[in-house]
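Notebook open. I want to look up a few strands, helices and a surface patch, and jot down what turns up.

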Amino acid sequence: MNSHPVAVRLFAGAARIVLPRGFAREFAGELRDSFADQYRMARRRNSAAVAAFVLHELAGLLATAGREHREVIFGPHTRRRRVRLPAPQRNREVINTLRQDLIYSIRMIVKTPVVTGIAVLSLAIAVAANTSIFSVLNSWLLRPLPYPDAERLVMVWENDRNDSDDSDGATVANYFDWREQSNSFEALIAAEFSSANLTGMERPEQLRVSHVTPDFLRVLAAEPLIGRTFRADEGGPEDAPVAVIGESLWRDRFAGDNAVLNQTMTLDGQAYTIVGVMPETFDFLVGSVKIWVADTFESRRTDRTVHTLVVTGRLRGGVTPDQAQNEMTSIASRLEEQYPETNEGWGVNVETLKEQFPGDTDRGLVQILMTVVFLVLLIACVNIANLLLAKTDSRQKEIAVRMALGAGKGRIVRQLLTEAVVLALIAGSLGTVLSIWGVAFLAQVFPPEVPVSFVPTLDTTVVAFSLALSVFAGLTFGIAPAAQAVGGGMRGPLIDGVRGGSASRKKRRIRDMFVMVEFAMALTILIGAGVLADLFQRSLSVDLGFDADNLLTMQVALPEHKYDEDDAIRSFVTQLERELGGLPGTPAYAIMNVLPRTRRLPSTDFTIDGRQVEPGEEPSTSWLSVNSDYFTTMEIALQRGRQFTEADREGAAPVVLVNQRMVDLFFDGNDPVGQRVTIFDESREIVGVVSDIAQRRLTGLQAFDAAIYFPMAQRPLRGMWIALRATGDPYSLAGPAQTAVWNVDPDQPINAIQTMHEHMTTTLAGPNLLTQILFVVGSLALSLAAIGIYGVMAYAVSQQTKEIGIRMALGAKPAQVLMKVTRQGATLAGFGLLLGIPTAALAVRFISRMFQFGDISGTGGITAAPMVSVSAMLVSVALVACVIPARRATKIEPVVALQQE
């Protein structure tokens, strides 16, 4: 025995103490050996398994000791029957019992194909919905990042302590100081994202480009598909420019030819040698990057004003993000003292890479969808539970016979739960197959800028979740039927001719409660979807303030190397206006820095001349730079004053226009025309007021933005949008407009050619997709709830056949029977609605907070209309579901009903 571990010896000693002496002499050795075998197996797993095993065996030992002492006191029994079987025998016994349960479960499932079909289909759809949405949750929050030791990767941001935004890029000079003074990082790498024009090929194209430090790809352990990554001696001001391209660009523009290595391509007029190709699976923070350019940033080493670098650090072994944060805070304080003119008020934030994506709004959307689809799963479980409750009623005699023959309640419960889990696994397998299409659809609608590592896929984690969810569902809807099966005695079911065959009040209350819960959850889902749909629809239907019909839009981004001076930009715009004005039919055209209904609207602080404002409390406004024909082309009404003219050029008096919203917010009812505002450190005269337009993509759910308009000649910008108004098909202007741009600059790419309506549809794709998903899921919930109440009422009618026959034999009219049965179902639906109203109110409140819905003049925020319409629809569906079995009840023949036993 001394060769055994301490735990084994202690167990053997405890057995000799607590067991009767004779029993201990006969079986102590066998118990010790069984314990030792199982103990060794537990130790191979982990300490938690060892602890759980020891506690379990000690509890079993005490139970055995109690039974054996009781036999010694109260009389002998066959001891060998009460001895705990050795572990291998116990395992075989469990396996044999499980095999019997599985075989019997499959036989009972096949025996009732209608119930099985309904249960499997409804649960499979619910599992597919949950699995599809979970794939998004998994890819965003659970899946490890595709970089070695990703937990050691952190983002290092500068943050303006006077601004609520704590994720500003770093300046180049500060980045070099961080790299030289910090000890927390093995490496600090930097990237700068921009757009560049690829020219010198069949067609010019604007691409997303990332300028990165030479060690960028090495630190991320990124391996090229072909070629190599950057060397440490590349990327300097005097070095030959080199680049690595993405796989999609390699295949699209270079035909996937390995000879691309050492070829040159022209970006913004600069020739770059291609040294490698990165696989499609590689990206970092931004998923639409096509080209990586080596850049040491040495040429901007002294720049402390432009915050554009995205800095990533790999922590040294043993260093935590908090320790790195403390060190970087100290470095930022030193730099603030050393360079007060540029660094005063600027700190540093160190955040783990996993914290960067997704944002709070995206997390909220996923939470909404996961909650909704889980509610649908619960509704499906409730429906199946009701089906199985009815099925268990019909099996009550069979169960009673099995119990009379010696089957214990635990054995019956285990058998019924096994049936439920097997049924759920069948449905889960089908749901997993269906989720293949759901996950593929979600991956397809993700915007291209989302990194590929965050695109949902059906990986092993998602499949495991689907199967675990199926088991959970099986246990959930199997508990109530199992409890009902063993809840009563054996005598009633074994006596033929049970009175009326009707279910007990307790069983009926359980099924009624399930239906009410179904309707409450369906109400919550549908009201949430209805509120979102109502708000987004009103956002789309709100008066835009301009005419979006027959407008063709396109984007032009002038390269900095070619248009580095304002005069060069002005010359391009002037020539472009001349070309556009000479097109056939002379269409109206507008040039602006942002389109209406945009995701990101530029804004800045301003002051009204003559008013005193405390520093840091300056009001903020959005701003646009537009050409003189902008308001005419977009058909934006002039309220007072004048529009821009050709005279508002560089060197002329600086002027601006403002919209009506800005007048309402900041001018206290006074006429702003003639007053002056200081914006971008320049005082400008307000020469006119124009109507408000829906500039932000969700305008209509909140107030229009205040806006200031600059004449483009006085504030030229390299990034611009062109809008042309056609008399017929807008796309008829696409070719001529492209020719006009290329007549000015043949190497200038043109992007995003689409109509204004297509642009607005694209910007609202995310909210619209969410609304559509909620409506699909809500419709599924409504259908399941209707099936639930129909099933309960149909079963109630079948159980009340004799009662209905007696009523009709005593003179009850069919209309009275119809009203009675319908009233029962309507009462259930009514209580379900009352139960769901508080939950729905919480859901609406959550949606309101998430999207920050406010009021807009004449529009209002969240209204009661969706709640009323959804409630009315649910009641209508419930009544229809009740009327069908009720009409069946009116056709019962009294004589036939009274003959039934």
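Which residues in α1 are buried? I found Val8, Phe11, Ala12, Gly13 and Ala15 buried in α1. For me, buried means under 20% relative accessible area, exposed means over 50%, and partly exposed is in between (1.4 Å probe, protein chains only). Helices (H or I, at least four residues) and strands (E, at least two) are DSSP runs, numbered from the N terminus.

Notes on the source: residues are numbered from 1 along each chain as its sequence is written. This is a predicted model, where local features need pLDDT of at least 70, side-chain atom pairs count only at pLDDT 80 or more, and totals for chains, interfaces and linings use all residues; side-chain values use heavy atoms, with hydrogens and water left out.

Entry: the span of α1. I checked helix α1 (residues 6-18), whose 13 residues should span 18 Å at 1.5 Å a residue. The expected span is 1.5 Å times one less than the number of residues. The end C-alpha atoms of α1 are 18 Å apart, so that agrees.

Entry: strand β5. I looked up β5 (residues 242-246) and found five of its five residues buried, so the strand is largely enclosed by the rest of the structure. Next I asked for its partners; two strands pair if DSSP finds at least two bridges between them. β5 pairs with β7 (residues 270-278) in the parallel sense over five bridges, and with β8 (residues 289-294) in the antiparallel sense over three bridges. Val244 sits opposite Gly276 in β7, and Trp292 is the bridge partner of Val244 in β8.

Entry: strand β10. Six of the seven residues of β10 (residues 346-352) are buried, so I noted this strand as largely enclosed by the rest of the structure. Seven bridges join β10 to β1 (residues 153-160), and the two run antiparallel. I also picked out Glu158, which stands opposite Val348 in β10.

Entry: the nonpolar patch. Which helix gives the patch its largest share? I traced five residues, the largest share, to α14. The patch covers about 690 Å² and includes Leu121, Leu430 and Trp437. Both α6 (113-142) and α14 (409-445) supply at least two residues each. Leu430 lies in α14 and is partly exposed, with a relative accessible area of 35%.

Entry: Ala440. This residue is also in α14, and I have it as partly exposed at 47% relative accessible area. Ala440 and Pro456 are 16 residues apart in sequence and 8.0 Å apart in space, C-alpha to C-alpha.

Methods
Patches are made of residues with over 30% relative accessible area and no salt bridge: like charges are joined within 9 Å, nonpolar side chains (Val, Leu, Ile, Met, Phe, Trp, Tyr) within 5 Å. Accessible areas come from the Shrake-Rupley method with a 1.4 Å probe; for residues, only the protein chains shown count as cover. A salt bridge is a side-chain nitrogen of Lys or Arg within 4 Å of a carboxyl oxygen of Asp or Glu.
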